[in-house]
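Here is a short briefing on a protein model. Please read it alongside the sequence and the structure.

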Amino acid sequence: MAAPIDLHEVAERELEARSRYPWRLKACNSTACLSAGAGTTMQAMEQAVEADDLALDVQLIPTGCMGLCSRGPLVRLLRRGGEETMYADVTPEVGIDIIRSHVRDHRPVEASLLDQHMPFFASQERVVLTHAGIINPDRIESYVAHGGYQALEKALTTMAPEEVVEQVRISGLRGRGGAGYPTGSKWALLAAAAGDTKYLVANGDEGDPGAYMDRTVMEDDPHRLIEGMAIAAYATGAARAYIYVRAEYPRAVERLDRAIRVARRNRLLGRRILDTDFDLEIEVRIGAGAFVCGEETALMASIEGRRGTPRLRPPYPTERGLWGAPTMINNVETLANIPAIVTNGGSWFASIGTPSSTGTKVFALAGDLVNTGLIEVPMGITLRHIVEDIGGGIPNGRSFKAAQTGGPSGGCIPAEFLDTPVDYDSLRELGSIMGSGGLIVMDDEVVMPDVAKYFMEFSMDESCGKCTPCRAGTVQMHGILDRITTGTGTRRDLRDLEHLCQVVRDTSLCGLGQSAPNPILSTIHYFRDEYEALLVDREAVDA
Amino acid sequence: MTSTVDDAPSQAPEDGHPSGDERFALVDKHLKRVRYEQDQLIETLHVAQDVFGYLSEDVLMYVARALLLPPSMVYGVATFYQLFTFEAPGDHACTVCTGTACFVKGADGIVRTVGDAYAVAAGATSDDGRLTLKTARCLGSCGLAPVVVLDGTVHGHLDAAEAVALVRAAVDGGGES
């Protein structure tokens, strides 16, 4: 058996190699920037480096997401000694300019500079995304040089499993998939579960449209997820783990597969991890396009190779999960928080955010905003802060109408609640949910019943068909919304719709059906006048 | 890992598919790698679809036999998941993202206009087999909304007319089939 990786030596070597370059250029190669042309920009810069014989002066590093996706491709140029410059909208021409003008001639390319102190960056607090846009996700050395796997080493060599669970409990971390169940309690349940075989599953079936937080973790910092999983498995006694990734994320699958192989080779996975008695195997499983598989019992069915239909709980997965064995399912973002909690302690984590919602939350900020992209903010930040400062406000002289959180399971928050703190409980009180992190801002041109219909069409398509309230209810709700939005709905339709929402919410088998009415209920609640304006007056006929 | 039947690699069809179609060898290679575990059904279907472009009845039967699963179960699983397709795809593929950000910016208009131009419904292939029109839940490129992926290339910030022009250039413009 090969010797395990020496984390400190690898980190030292990496830092030493880095210090040889006067300049280091980090180019965002995340999916969003690649769509905006980051690939050709990278090639152009490589050619410019070669043409000008600058290979010893500047190191080109492909990194993950830098956050401000609407201004991509993004580039960060670091000078030895600490000076850092950011560039936005880096076309191949701008990329060549950065190499020729800034690196070679020490003249920054003024026209493309991006202010790193703008509120978009300054208001964020990064825990989960600490490394995104900083490290090269394909190189474990890059992760290790930034402190990677030291939390695992600390847990395995200095902490008993119970102590790890206790730190997670103290941290107050709650599940980032949306429901917000206390992670420490879940871990304690699996740790206490009887049986020799226990499973751990990372839920990377990020299905909400407009949400790509987990994809960013899996693609841009895969080792962080692996480290979080290894710590979770150690704390709970699981010896086998799966990462369930939706098939729409082929790049995440590729990166994770590679990272797992490299981690095994370095004895960070497999048998006798870091020469301790702890063993763990992780395998990636791919979905095939079913939103319901984000629900944990459906997800398990899919891992077993079956149709992804949910089942009733209890028994909860920590009692009876994969192949009948105790199983714990944690969201990818949840697990990505773990290394930081082990390194800095649970109470450090609990000091971020609010008492009931600790830590940070990653949001995919999209819609009618000046700045869109991926952000990480402390829990409890106001919606106004996110929209106006980070998002830069609403463009084109329009005004804010609503923010949608939680995707098809969530709701809309109108302007009068812009000062609400963003945390699990406040959002629930407003009829929305934290959700997995999609945050879509809509301006005053958006018609709310259309938004409700959009989400209902989604839920209708994605209903797995197992239970009647969801299968039939979503179709009926969509039909009524269709009548209302096309101007043929009656007052009675609206009444039926509200009634149906209650029934589907109360009687559906799983979270998909139970939460499917949320977009309707919240838009009726806050924008009832828009629905009523569309109704035709056939009350007399209906009566 | 946990099969209902013994882990029995010997059940592999020894000589591949009777047609001699060598593409089945690629499916066999995957099956061997996962040791014919029945819980690898979805992964196997992905591989088969990559190899053949779609899942024909013949391919589904082949997978069912190899994994010792009832054809009804294989069919049930394959039809449950949206990414599996049972018809040969068209020469060109146009995928319109209908995620929330793209919806807010007019993706449904793009689907309608492109669909009308080629008389094809979302999720189907035009009668002449030249264009498959698909929608995607979210491609995660929300900063570029609305997004259209044409034959693998991402195009952002399009209106309906621009999208149709793009598709026309690829499909009618003598582009490679």
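In this predicted model, one salt bridge crosses the interface of domain 3 of chain A and domain 4 of chain A. A:Lys401 forms a salt bridge with A:Glu530, and their closest N and O atoms are 2.6 Å apart. The points below start with that domain interface, then turn to the two chains and to local features.

**Domain 3 against domain 4 in chain A**

- Chain A is divided into domain 1 (20–122), domain 2 (148–349), domain 3 (360–443) and domain 4 (448–540).
- The C-alpha centres of domain 3 of chain A and domain 4 of chain A lie 23 Å apart.
- In contact are 14 residues of domain 3 of chain A and 14 residues of domain 4 of chain A.
- These two domains of chain A bury about 1100 Å² between them, and carbon and sulfur atoms give 66% of that area.
- A:Lys401, A:Pro408 and A:Cys412 supply 45% of the area that domain 3 of chain A buries against domain 4 of chain A, more than any other three residues.
- Five residue pairs are in polar contact between domain 3 of chain A and domain 4 of chain A, both residues at pLDDT 80 or more.
- On the domain 3 side, strand E12 (400–405) and strand E13 (411–414) of chain A each supply at least two residues that touch domain 4 of chain A.
- By class, that side of domain 3 of chain A has seven nonpolar, six polar and one charged residues.

**Chain A against chain B**

- Contact joins 49 residues of chain A to 33 residues of chain B.
- Chain A and chain B bury about 3200 Å² between them, with 61% of it on carbon and sulfur atoms.
- A:Ala288, A:Arg307 and A:Tyr454 supply 19% of the area that chain A buries against chain B, more than any other three residues.
- Four salt bridges are found across the interface of chain A and chain B.
- A:Asp461 forms a salt bridge with B:Arg137, where the closest N and O atoms are 3.4 Å apart.
- Polar contacts across the interface of chain A and chain B link 18 residue pairs, both residues at pLDDT 80 or more.
- Several elements of chain A each supply at least two residues of the side that touches chain B, among them strand E7 (240–245), helix H13 (296–303) and helix H18 (448–462).
- H18(A) gives the largest share of that side of chain A, seven residues.
- By class, the side of chain A that touches chain B has 24 nonpolar, twelve polar and 13 charged residues.

**A buried threonine**

- A:Thr216 is found in helix H10 (residues 213–220) of chain A.
- A:Thr216 has a relative accessible area of 3%, so it counts as buried.
- The side chain of A:Thr216 reaches the backbone oxygen of A:Tyr212 at 2.8 Å.
- Beyond its neighbours within four places in sequence, A:Thr216 is in contact with A:Cys65, A:Leu129, A:Asp221 and A:Leu374.

**Backbone exceptions**

- Most residues other than glycine have a negative phi, and most peptide bonds are trans.
- The peptide bond from A:Pro314 to A:Pro315 is cis, with omega near 0°.
- A:Pro315 is found in the loop between H13 and strand E9 (327–331) of chain A.
- The peptide bond from B:Ala145 to B:Pro146 is also cis, with omega near -5°.
- A:His106 is not a glycine, yet has a positive phi of about 60°.
- A:His106 counts as partly exposed because its relative accessibility is 45%.
- B:His157 is not a glycine either, and has a positive phi of about 50°.

Terms used:
Residues numbered from 1 in each chain as written. Chains lettered and ligands numbered in written order. Predicted model: local features only at pLDDT ≥ 70, side-chain atom pairs only at ≥ 80, totals over all residues. Heavy atoms only, no water. Helix = DSSP H or I, 4+ residues; strand = E, 2+ residues; numbered from the N terminus. Buried < 20%, exposed > 50% of the residue type's maximum accessible area, 1.4 Å probe, protein only. Polar contact = N/O pair within 3.5 Å; in protein donor to acceptor, adjacent residues only side chain to side chain. Contact = heavy atoms within 4.5 Å. Buried area = accessible area lost by both parts, 1.4 Å probe. Salt bridge = Lys/Arg side-chain N within 4 Å of Asp/Glu carboxyl O. Nonpolar A, V, L, I, M, F, W, Y, C, P; charged D, E, K, R; others polar. Domains from an automatic or database assignment.
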